[in-house]
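Please keep the structure open beside the text as you read.

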Amino acid sequence: GQTVQDIISRQPGFSNFSNGGMGTTSNFYVRGYDKRQILVLIDGIRYSSVDDGGAALSLLPAEQVERIEVLYGASGSSIYGADAMGGVIQIFTKGSNIENNQLSVTIGAGSHDHYLYGTTAQFRNTQGTSLSLSASRNQTKGFSSVAPDGYGYNKDDDGFKSNNYSLNLNQKLNDAVTVGISGLYSDSTTDIDAGIDFANNSPILNNAHADQKNGVANVYVQYKDAKKTAKLAYGYSVADSSTYEHESKIGNPDRYDTTQQQINLTGDQNLSVGTAIYGIEYLKQELDSNIYDADDRQVTSGYLGYILSKGNIDAQANIRYDDYSDFDSKTTYNLGTAYRLTPELRVGANYAKGYRAPSFTQLFGPASWGSNPNLRPETSDNYEAFIEYDALLQSTRLTAYHNKVDDLISWSGSKNENIESAEIKGATLSTDWNIDNYLFGLSYDYQQAKNDSGLSNDGKYLAIRPEHKGLVYMGYQLSDVNIRAEYQYVDDYYYDATNNTKVDSYNLVNISGNYKLTDNLSITARLNNIFNEKYITAPGYNTDGTNFFTSLTYNWF
């Protein structure tokens, strides 16, 4: 994948839609919760657009990322706070764990005049210094986002280009104390198709495009010994967007500049039995826009937790308190336990309380966007149970979940409104096997997400939550070659709260591989949608047909 969203969208429990190709408007869902209810952290720092309330994963370059971790369910709310009622996605930039000095250069090309150029330099010495610097350029002419029956003007190819940078610097002052700084920044431009002024039969925008600046910076000092850890960090994130009506940037753009500043102290302490965890945090969110005004939001928080792993038992309990400047304070908590029946077989259950405050746009945006200053925060009760079998050759897990959401914010067709009650229940099965260099795996998601208010649209399905979704993959892996084929199925789903507009199911087959040509040179290739499936994820918007991307990487050690 070229972006974090490319990668994450094929994981168990995830679904998504987009209004076109790279960089266009998109949304993702995790077990029925949308992106506004999923907290995204980059090196531990919150990343999202304050006005929209969600994280634009489609703007985060995959080549700047070392790894991604996903915490499913609302258990993250009691540690990370609001916006984590549906889960947490933790993204780690390159260079967090450098083992050798190296310099790498990557060049790639693909469909729609897609080109990628990038370089990464990593350095480590015996004095405890590690440094990673990465830079890349990603660009494509794209394809037309507007479907033949869609609304829009200038139904031409919608290009995307981005310049991306990351930094990770750590210095050990002694055996216990480390200081560091990290950052990820992306400066991108997305071509968009304009709307139509039907009264005058003319375009609203001409050669429209959006400039986006997204980034996170983090500076910290950490103390760690055999019994305790303490980390003090300051983080700053930006998510700026300006939409222009002409390629020369004339006129007055729609501008949204959002920032988040975060100071937190977190730590853990080994006890005679188990481990205590704690944290205090201050968060300030700001919006500067020429479209609407919103006061800053400030949140002061603290949490405590206890973790036990003894014999066959694992258990955890957390409680968190958040004090909002614009809403009442809120307490969330989590209780979970697991028992190991055999060395390979484990069962467990978890309960978590979730909470999320409305975004600035949902509250204060233009009335034509459905803003509603009377919106109430969302709350949820989340139940989960699992059974997993983890052995040398395979790992299998079945998880069942049942979420009750009060005051869920949903688009009614004219504005954002609170649904008194919604119910999301489902199950996820995943299994992965590795036998004699052959890889096999599958994931299957069953989900029912419905309006349970007893009022308007009661019993209707929540929008863009497919009932069935699955993926099967097969692969072959040696030290110098890795080949994988995958089949993905997404069930049909409704696109609106009234269930009047349906998106049909679709099937995708992809092939990818990596081959080490020499000790220093490797080639990676991916062929997507090899049977050229005609499908959509959002009515009125195209998706790509058969497409490919291939790249060469040379490493100097």
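Rings of Phe, Tyr and Trp (its six-membered ring) are said to pair if their centres lie within 6.5 Å; planes under 30 degrees apart count as stacked, over 60 as edge-to-face, and the rest as tilted. The model discussed here is a predicted one, and a search of the whole structure finds ten aromatic pairs in it.

- Tyr351 and Tyr383 form an aromatic pair with 5.0 Å from centre to centre and 45° between the planes, and the pair is tilted.
- Because Tyr351 lies in strand β22 (residues 345-356) and Tyr383 lies in strand β23 (residues 378-390), the pair ties together parts that are 32 residues apart in sequence.
- Tyr351 has a relative accessibility of 16% and therefore counts as buried, since buried means under 20% relative accessible area.
- Tyr383, by contrast, is partly exposed, with a relative accessible area of 44%.
- Tyr351 and Tyr383 also belong, together with Tyr333, to one aromatic cluster.

**The pair Tyr461 and Tyr494**

- What kind of pair do the rings of Tyr461 and Tyr494 form? Their centres are 6.1 Å apart and their planes stand at 25°, so the pair is stacked.
- This pair links distant parts of the chain, with Tyr461 in the loop between β26 (438-451) and β27 (468-477) and Tyr494 in strand β29 (residues 493-494), 33 residues apart.
- Tyr461 is partly exposed, with a relative accessible area of 23%, and Tyr494 is likewise partly exposed, with a relative accessible area of 23%.

**Charged side chains over rings**

- Lys231 lies over the face of Tyr220, at 4.4 Å from the ring centre.
- Arg397 lies over the face of Phe386, where the value from the ring centre is 4.0 Å.

**A sheet of four strands**

- Four strands form an open sheet, in which the order is β5-β4-β7-β6 and the pairing is mixed.
- Which strands are at the edges of this sheet? The edge strands are β5 (45-46) and β6 (65-72), each of which pairs on one side only.
- Strand β4 (residues 39-42) pairs with β5 in the antiparallel sense, over two bridges.
- Ile42 stands opposite Ile45, which is in β5.

Definitions and conventions:
Residues are numbered from 1 along each chain as its sequence is written. This is a predicted model: local features need pLDDT of at least 70, side-chain atom pairs count only at pLDDT 80 or more; totals for chains, interfaces and linings use all residues. Side-chain values use heavy atoms; hydrogens and water are left out. Buried means under 20% relative accessible area, exposed over 50%, partly exposed in between (1.4 Å probe, protein chains only). A charge sits over a ring if NZ of Lys or CZ of Arg is within 6 Å of the ring centre and within 35 degrees of the ring normal. Two strands pair if DSSP finds at least two bridges between them.
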